[in-house]
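This report describes the pairing of charged side chains in a predicted model. The sequence and structure are shown first, followed by the individual pairs.

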Amino acid sequence: MRIAIFGGTFNPVHIGHIRGAISVYETFKLDKVIFLPTGIPPHKKDNVANAEYRYTMLKLAIEGLKFCEISRLEIDSNRVNYTIDTIGELKKELKEDNLFFVVGTDAFYYLNLWKDYKRLVDEITFIVIRRPEYDTKIILNKYAELVDFEEIHENGKYPTQKRKVYIYTPPAFDVSSSMIRRKIRNGECIKYLVPEKVENFIKEKRLYQ
Ligand code: ATP
């Protein structure tokens with residue numbers, strides 16, 4: 001099976017995440033996309049909603065998307081998780097080697113801060129989704145010695161491969177979780193930026209006020 005893991009804080013999940021997952025699924029001809037919400041995020045500590053709430057919002061957001069799943073591996077672990085360890089566990093759990101790891105350009109830029117990142121690029125094939133506000137030249141230069149980049153423009157069964165990083169530009173959605181949180185704090189409307197059920201859940205639980 002061709003499976004992509006989409007890691008993130010999802011605080012909250014928004015249409016950029018969901019449409020990104022759908023585009024990656026179609027472009028890379030995948031069988032499954034597994035969202036991997038962080039438990040205690042190593043980098044982000046500010047105004048992070050409780051893991052169960054973030055999980056519930058993801059569940060509401062993927063309703064009807066049969067190829068999407070959510071892994072509770074990190075949120076159930078009660079400690080800071082590092083991707084290298086989680087990937088090892090997921091490989092065992094899924095009995096699967098054809099794994100891709102999806103990240104946005106912004107997250108990939110800081111790859112050198114991830115635990116054992118040089119080993120990580122041997123363990124998993126990255127799909128970097130380009131975000132409109134980030135220039136990919138910076139990451140191409142920063143990691144040119146470490147990995148082999150390939151820009152993807154057409155749909156295809158691109159193989160998993162050590163030290164390979166696919167760069168893909170999905171239709172852009174200029175939205176981020178911090179933008180959603182800011183809008184809520186400012187009393188602005190978030191309609192259509194997150195799925196309706198997620199919007200209702202945020203209101204009901206009074207999140208991010
Ligand atoms: P924040 O604004 O709090 O930093 P975020 O919107 O970037 O959050 P994360 O949960 O940190 O959301 O993101 C998970 C992954 O999704 C990251 O790899 C990130 O780059 C990617 N991502 C986030 N927003 C988008 C978007 N609009 N389009 C494509 N990818 C996105």
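## The K191–E199 pair

K191 and E199 form a salt bridge in which the closest N and O atoms lie 3.6 Å apart.

## The D85–K115 pair

A salt bridge also connects the side chains of D85 and K115, with an N to O distance of 3.0 Å. D85 belongs to helix α3 (residues 83-94), while K115 sits in the loop between α4 (105-109) and α5 (117-123); the pair therefore ties together parts that are 30 residues apart in sequence.

Both partners are partly exposed: D85 has a relative accessible area of 26%, and K115 has one of 36%.

The side chains of E204 and K205 meet in a salt bridge with an N to O distance of 3.6 Å. K205 is partly exposed, with a relative accessible area of 33%, whereas E204 counts as exposed at 58% relative accessibility.

## Overall count

In total, the predicted model holds 17 salt bridges. Among them are the pairs K191 with E199, D85 with K115, and K205 with E204. As a general principle, side chains of opposite charge can pair when their charged atoms come close.

Conventions:
Residues are numbered from 1 along each chain as its sequence is written. This is a predicted model: local features need pLDDT of at least 70, side-chain atom pairs count only at pLDDT 80 or more; totals for chains, interfaces and linings use all residues. Side-chain values use heavy atoms; hydrogens and water are left out. A salt bridge is a side-chain nitrogen of Lys or Arg within 4 Å of a carboxyl oxygen of Asp or Glu. Helices (H or I, at least four residues) and strands (E, at least two) are DSSP runs, numbered from the N terminus. Buried means under 20% relative accessible area, exposed over 50%, partly exposed in between (1.4 Å probe, protein chains only).
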